Amino acid sequence: MTAGELSFDEWVSARVPALIRFAYLVTGSQHAAEDAVQTALTSACERWSRIQRADDPDAYVRRMVVNAHVSWWRRFGRRESAVPEVRVLSAAADPAVRIAEDDAVWRVCAGLGRTQRAAIVLRFFEDLEYAEIARILGCAEATARSHVHRALAAMRTELEAEEADHA
């Protein structure tokens with residue numbers, strides 16, 4: 001059954017877990033993710049007859065989630081303070097090392113600008129192609145590639161610097 005054949009409630013029931021996962025990766029916070037999804041779904045409900053006829057309603061609503069987060073960030077985000085830095089442990093067979101490394105990558109990702117972070121999340125966590133990322137972010141495909149490339153370069157530099165500090 002396609003989105004065009006589903007009622008809004010049926011579509012939401014099927015898609016809300018994936019939307020919250022996506023929003024969490026974009027926002028870095030469960031609370032902010034839930035708020036962004038709620039805001040997007042409230043707006044989507046009002047426009048469902050038009051959205052369900054779109055080529056890809058999921059992408060349309062994901063874009064609404066990104067926009068909801070960006071709008072929130074513009075209003076309130078500058079008031080947030082950064083979380084304390086998590087120290088990355090040296091490599092060992094200990095599973096805690098992997099968790100620490102994952103945390104360091106996520107922390108560095110969270111420090112990126114919102115557009116670069118969204119591009120990284122869409123590319124590597126949602127596994128979308130650059131054309132789809134560009135459509136969701138509302139930019140040219142080359143710009144989406146640039147956002148991902150620059151974000152990866154910034155993350156690599158930051159992680160290498162942290163590793164050198166801890167060595």
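Q: Hi! Let's start with a pair: how are helix 5 and helix 8 oriented to each other?
A: Helix 5 and helix 8 are oblique to each other. For orientation, angles under 35 degrees count as roughly parallel, over 145 as roughly antiparallel, 65 to 115 as roughly perpendicular, and the rest as oblique. This is a predicted model, where local features need pLDDT of at least 70 and side-chain atom pairs count only at pLDDT 80 or more, while totals for chains, interfaces and linings use all residues. Residues are numbered from 1 along each chain as its sequence is written, and side-chain values use heavy atoms, with hydrogens and water left out.

Q: OK, and what is the angle where the axes of helix 5 and helix 8 cross?
A: Roughly 130°, and the axes of helix 5 (residues 95–110) and helix 8 come within 10 Å. The axes are lines fitted to C-alpha atoms, for helices over the stretch in contact, with angles from 0 to 180 degrees between N-to-C directions.

Q: Is that crossing of helix 5 and helix 8 left-handed or right-handed?
A: Right-handed. That term applies if the near helix is turned clockwise from the far one by less than a right angle, and left-handed applies if anticlockwise.

Q: Which residues make the contact?
A: Helix 5 brings Ala104, Val105, Arg107, Val108 and Cys109, and helix 8 brings Met155, Glu158, Leu159 and Glu162. Contact here means heavy atoms within 4.5 Å.

Q: And how do the residues of that contact divide by type?
A: Six are nonpolar, none polar and three charged. Ala, Val, Leu, Ile, Met, Phe, Trp, Tyr, Cys and Pro count as nonpolar, Asp, Glu, Lys and Arg as charged, and the others, Gly among them, as polar.

Q: Arg107 and Glu162, then: what do their side chains form?
A: A salt bridge, at 2.9 Å from N to O. The rule asks for a side-chain nitrogen of Lys or Arg within 4 Å of a carboxyl oxygen of Asp or Glu. The pair links distant parts of the chain, with Arg107 in helix 5 and Glu162 in helix 8, 55 residues apart.

Q: Is Arg107 buried or exposed?
A: Arg107 counts as buried at 16% relative accessibility, and Glu162 is buried too, at 8%. Buried means under 20% relative accessible area, exposed over 50%, and partly exposed in between (1.4 Å probe, protein chains only).

Q: How many salt bridges are there by this rule?
A: Six. One of them joins Asp58 and Arg15, with the closest N and O atoms 3.2 Å apart. Asp58 lies in helix 4 (residues 57–76) and Arg15 in helix 1 (residues 8–27), so this pair ties together parts 43 residues apart in sequence. Arg15 is partly exposed, at 22%.

Q: What about Arg62 and Glu132, what distance do you get from N to O?
A: 3.7 Å, in a salt bridge between their side chains. Arg62 sits in helix 4 and Glu132 in helix 7 (residues 130–137), 70 residues apart. Arg62 counts as buried at 7%, and Glu132 is buried at 15%.

Q: Zooming out, how many helices and strands does the protein have?
A: Eight helices and zero strands. Both are DSSP runs numbered from the N terminus: helices are H or I with at least four residues, strands E with at least two.

Q: Nice! What share of the residues counts as buried?
A: 36% of the 167 residues. As for contacts with a separation of 6 or more, 59% come from residues 24 or more positions apart.
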